Amino acid sequence: MKWNTSNIIQFLNVYQQYHLLWNIKDKDYCNTKLKNEIFQRFYNELNENQLIGEMDVKQLKARIKSIKDVYRQELHKIEKSKKSGSGTEEVYSPKLAWFNEANYLSEVLSTRNSKSNLDLSQNSEEIEPDEDGQNCSEYVVSNNESSCPKEFHK
């Protein structure tokens, strides 16, 4: 079942009610048994609202991840535009019609900084084998910390 904007907004409104599923700050967030029970209730409510269609639990979890990822990307675009030194009129404005409905996720989702592989390879040196003859072909990053697995260090 393909979701349109209305379906996503309806989903987000139902999802918001199930704090345990999305709020990593909830004291019971790591309680897998309780979380599975709550997820089943959530799944049933979505089914009652005719948002599930032929989707199974695995597909629903993938859909949730996808929605969170898209929302996180929009947050990242906003943050990036603020850091660029742009004026307030040049700050990125989200294009998602459902962005505001997902704002409750902003308190628990953080944007992730990524690093280019080019930066790492341009500022690195290959590590020689250690005295045991172990060959660690990983790299020493520019701050002289090895990115080799711990077993290569003494």
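A pocket, as I use the word here, is an open set of grid points with protein on both sides within 12 Å along at least five of seven lines, and a lining residue has an atom within 4 Å of a point. The model is predicted.

I start with the largest pocket. Its volume is about 180 Å³. The residues that line the largest pocket are Tyr 15, Leu 21, Tyr 29, Lys 35, Asn 36, Phe 39, Lys 61, Ile 64, Lys 65 and Lys 68. The elements giving two or more residues to this lining are α3 and α4. Which element gives the most to the lining? That is α4, with four residues. By class, the lining has five nonpolar, one polar and four charged residues.

Now the helix pairs. Helix α3 covers residues 32-48, and helix α4 covers residues 57-83. The two pack at an angle of about 90°, with their axes 12 Å apart. That angle makes α3 roughly perpendicular to α4. On the α3 side the contact has Phe 39, Phe 42, Tyr 43 and Leu 46, and on the α4 side Val 57, Leu 60, Lys 61 and Ile 64. Sorted by class, the contact of α3 with α4 has seven nonpolar residues, one charged and no polar. Phe 39, Lys 61 and Ile 64 belong to this contact and also line the largest pocket.

Next, α1 and α4. Their axes come within 12 Å and cross at roughly 100°. So α1 is roughly perpendicular to α4. From α1, Ile 8, Phe 11, Leu 12 and Tyr 15 meet Leu 60, Ile 64, Ile 67 and Lys 68 of α4. The contact of α1 with α4 has seven nonpolar residues, no polar and one charged. Leu 60 and Ile 64 of α4 meet α1 here, and both also meet α3.

The last pair is α1 and α3. Helix α1 spans residues 5-16, and its axis comes within 10 Å of the α3 axis, the two crossing at roughly 145°. The crossing is right-handed. Which residues of α1 meet α3? They are Phe 11, Val 14 and Tyr 15, and their partners in α3 are Phe 42, Glu 45 and Leu 46.

Note on methods:
Residues numbered from 1 in each chain as written. Predicted model: local features only at pLDDT ≥ 70, side-chain atom pairs only at ≥ 80, totals over all residues. Heavy atoms only, no water. Axes fitted to C-alpha atoms, helices over the stretch in contact; angles between N-to-C directions. Left-handed = near helix turned anticlockwise from the far one by under 90°. Contact = heavy atoms within 4.5 Å. Parallel < 35°, antiparallel > 145°, perpendicular 65-115°, else oblique. Nonpolar A, V, L, I, M, F, W, Y, C, P; charged D, E, K, R; others polar. 1 Å grid on protein atoms, 1.4 Å probe; cavity = no way out; pocket = protein on both sides within 12 Å on 5 of 7 lines; lining within 4 Å. Points joined across faces, edges and corners; volume = space filled by probe spheres on them.
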